[in-house]
Amino acid sequence: MMYVGDSLNRGQYVSMVCLLHSLIPHHAKSMETFGSLTVFTAKDYNATIEFYWAPFLLESNSDDAVIHRITDRVVRKGSINKHGKHWEGVDIIVFNTYLWWMTGSDFKILHGSFDDEVKDIVQVPTEDAYRMAMKSMVKWVEKNMDPERTRVFFTSMSPSHFK
């Protein structure tokens, strides 16, 4: 099972792990972090509960799972595969993205790469940027998830939270 998104899904992930953690003996479980991916493994069950930090689902300048409080946020158009390659093969996936899009102003979209010396950035209404991300997510799911094997969920708006 994998949670993908921002701190809302991280909270859901932590809650799920807490429920399971107390039931599984110490020798039969592990917790590891690999950059944006955190994995809880229940060894005797051959099962993992995972969280992947991707607050916009698309590649962005807020992708660092620890240092991501950037006020001038930029997402890269057509970049869902950068993160999506880490999501393949799961049985249950729960996506979320919403609150990070609500800046109150236009959103910056990068055409090209964050590594390009000269960056082609355009500003679009937030609704258009969000729609672009949602379409990318749906196309990615259709191409990479087997509906006979995988359950896909999406959560959007949530109450504001601080910790």
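Visitor: What should I know before we start?

Guide: This is a predicted model, where local features need pLDDT of at least 70 and side-chain atom pairs count only at pLDDT 80 or more, while totals for chains, interfaces and linings use all residues. Residues are numbered from 1 along each chain as its sequence is written, and side-chain values use heavy atoms, with hydrogens and water left out.

Visitor: What makes residues 126-144 a helix, and what span is expected for H3?

Guide: Helices are DSSP runs of H or I with at least four residues, strands are E runs of at least two, and both are numbered from the N terminus. H3 has 19 residues. The expected span is 1.5 Å times one less than the number of residues, and H3 reaches 27 Å from its first C-alpha to its last, close to the 27 Å expected.

Visitor: Why is Trp 140 called buried?

Guide: Buried means under 20% relative accessible area, exposed means over 50%, and partly exposed is in between (1.4 Å probe, protein chains only). Trp 140 has 3%, so the label is buried. Other buried residues of H3 include Ala 129, Tyr 130 and Met 137.

Visitor: What do the buried residues of H3 pack against?

Guide: Among them are helix H2 (80-84), strand S6 (92-96) and strand S9 (151-155). Contact here means heavy atoms within 4.5 Å.

Visitor: Why is the pair of Trp 87 and Trp 140 called edge-to-face?

Guide: Rings of Phe, Tyr and Trp (its six-membered ring) pair if their centres lie within 6.5 Å; planes under 30 degrees apart count as stacked, over 60 as edge-to-face and the rest as tilted. These two centres are 5.1 Å apart and the planes are at 80°, so the pair passes and is edge-to-face. Trp 87 sits in the loop between H2 and S6, and Trp 140 in H3, 53 residues apart. At 0% relative accessibility, Trp 87 is buried too.

Visitor: What makes Phe 56 and Trp 101 an aromatic pair?

Guide: Their centres are 4.9 Å apart, with 85° between the planes, which is edge-to-face again. Both residues are buried. They also belong to one aromatic cluster with Tyr 98, Phe 107 and Tyr 130.

Visitor: How do you know that Glu 59 and Lys 82 form a salt bridge?

Guide: A salt bridge needs a side-chain nitrogen of Lys or Arg within 4 Å of a carboxyl oxygen of Asp or Glu. This pair has 3.9 Å from N to O, so it qualifies. Glu 59 lies in the loop between S4 and S5 and Lys 82 in H2, so the bridge ties together parts that are 23 residues apart in sequence. Glu 59 is buried at 10%, whereas Lys 82 is partly exposed at 41%.

Visitor: What about Lys 108 and Asp 72?

Guide: They meet at 2.7 Å, N to O, in a salt bridge. Lys 108 lies in S7 and Asp 72 in the loop between S4 and S5, so parts 36 residues apart are tied together. Lys 108 is partly exposed at 21%. The structure holds five salt bridges.

Visitor: How do you know that S7 and S8 pair?

Guide: Two strands pair if DSSP finds at least two bridges between them. Five bridges join S7 to S8, so they pair, running antiparallel. Lys 108 stands opposite Gln 123 in S8.

Visitor: What is the order of the strands in this sheet?

Guide: The open sheet of three strands runs S5-S7-S8, with mixed pairing. S5 and S8 are the edge strands, each pairing on one side only.
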